[in-house]
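I went through the helices in turn and wrote down what I looked up.

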Amino acid sequence: MPDIVWNDQLLTQQPQMDATHREFVDHLVQVEAALGQPDDILLPRYDALIAHTIEHFEQEDRWMAALGFAPQNCHSMQHAQVLAVLQDVRRQHVEAGQTDLIGRLLPELMQWFENHAQAADAGLAGYMDEVGYDTLTGLMANPPVAEETAGAAETGCGSAAC
């Protein structure tokens with residue numbers, strides 16, 4: 001039985017975000033299934049996870065930028081840290097022969113993702129809903145009034161958990 005599975009607690013009620021999150025978990029499952037396999041099987045799956053994660057995080061970072069979040073908000077900083085770990089684990093796997101790292105990373109990454117999705121991403125999705133942000137057009141149906149948002153969403157992560 002795989003350790004990594006999709007669960008509905010990851011839903012944010014933002015359709016595009018939820019679809020991307022399902023894809024992320026699917027990539028984690030694919031990597032988990034390849035653990036113990038030769039590198040010519042494992043590494044392409046791990047590389048696909050990294051490529052997906054880059055686009056996944058860039059997508060959310062674009063949304064946050066469009067919503068007026070500061071470039072160095074804590075949500076985006078979490079994205080950068082996770083990507084750095086993913087890339088460092090790959091480097092250590094290939095260059096230093098630390099072939100156990102990917103397997104050790106996966107459950108930790110899934111636990112981080114569950115927390116991140118339920119806090120930062122759910123908060124972002126809620127804010128997107130509040131302002132009527134359309135992910136396809138980039139338009140806001142209910143843009144916040146400047147006085148209401150002074151210092152709030154611009155530096156936060158979309159969640160009170162940051």
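**Helix packing and burial**

H3 and H4 are roughly antiparallel to each other. I looked up the geometry behind this: the two pack at an angle of about 170 degrees, with their axes 11 Å apart. I note that the model is a predicted one.

Entry on the whole chain. I find five helices and zero strands in the protein chain, in the order α-α-α-α-α along the sequence. Of its 162 residues, 38% are buried. I also checked contacts with a separation of 6 or more: 69% of them join residues 24 or more positions apart.

Entry on the H3–H4 contact. I listed the residues on each side. H3 contributes His-75, Gln-78, His-79, Val-82, Val-85, Leu-86, Val-89, Gln-92 and His-93. They meet Leu-101, Ile-102, Leu-105, Leu-109, Trp-112, His-116, Ala-120, Asp-121 and Leu-124 in H4.

I checked its length: 22 residues (74-95) at 1.5 Å a residue should span 32 Å, and the end C-alpha atoms are 31 Å apart, which agrees. Which residues of H3 are buried? I get His-75, Ser-76, His-79, Val-82, Leu-83, Leu-86, Val-89 and His-93. Seen down the axis of H3, these fall within an arc of 150 degrees, so they line one face of the helix. Gln-81 and Glu-95, on the other side of H3, are exposed. The buried residues of H3 pack against helix H2 (39-66) and helix H4 (101-131).

I then looked at both ends of H3. At its start, a side-chain oxygen of Asn-73 comes to within 3.0 Å of the backbone nitrogen of His-75. After H3 comes Gly-97, with a positive phi near 65 degrees.

Entry on His-93. This residue lies in helix H3. Is His-93 buried or exposed? Its relative accessibility is 3%, so I count His-93 as buried; the cut-off for buried is under 20%. The side chain of His-93 makes a polar contact with the side chain of Asp-39, at 2.7 Å. Leaving out residues up to four places away in sequence, His-93 touches Asp-39, Leu-42, Leu-43, Gln-98, Thr-99 and Ile-102.

Entry on H2. I repeated the length check: 28 residues at 1.5 Å a residue should span 40 Å, and the end C-alpha atoms of H2 are 39 Å apart, which agrees. Gly-68 follows H2 and has a positive phi near 95 degrees.

Entry on H1. H1 has 20 residues and reaches 29 Å from first C-alpha to last, close to the 28 Å expected at 1.5 Å a residue. I noted its buried residues, among them Asp-18, Thr-20 and Ala-34. The buried residues of H1 pack against H2 and H4. At the N-terminal end, Gln-14 caps H1, with a side-chain oxygen 3.0 Å from the backbone nitrogen of Gln-16. Just after H1, Gly-36 takes a positive phi of about 85 degrees.

Entry on the H1–H4 contact. How do the axes of H1 and H4 cross? They come within 11 Å and cross at roughly 180 degrees. That makes H1 roughly antiparallel to H4. On the H1 side I find Met-17, His-21, Phe-24, Val-25, Leu-28, Val-31 and Glu-32. The H4 residues they meet include Ile-102, Leu-106, Leu-109, Met-110 and Phe-113.

Note on methods
Residues are numbered from 1 along each chain as its sequence is written. This is a predicted model: local features need pLDDT of at least 70, side-chain atom pairs count only at pLDDT 80 or more; totals for chains, interfaces and linings use all residues. Side-chain values use heavy atoms; hydrogens and water are left out. Helices (H or I, at least four residues) and strands (E, at least two) are DSSP runs, numbered from the N terminus. The expected span of a helix is 1.5 Å times one less than its number of residues. Buried means under 20% relative accessible area, exposed over 50%, partly exposed in between (1.4 Å probe, protein chains only). The arc is that of the directions from the helix axis to the C-beta atoms. Contact means heavy atoms within 4.5 Å. A polar contact is a pair of N or O atoms within 3.5 Å; within protein, one must be able to donate a hydrogen and the other to accept it, and residues adjacent in sequence count only if both atoms are side-chain atoms. Axes are lines fitted to C-alpha atoms, for helices over the stretch in contact, and angles run from 0 to 180 degrees between N-to-C directions. Angles under 35 degrees count as roughly parallel, over 145 as roughly antiparallel, 65 to 115 as roughly perpendicular and the rest as oblique.
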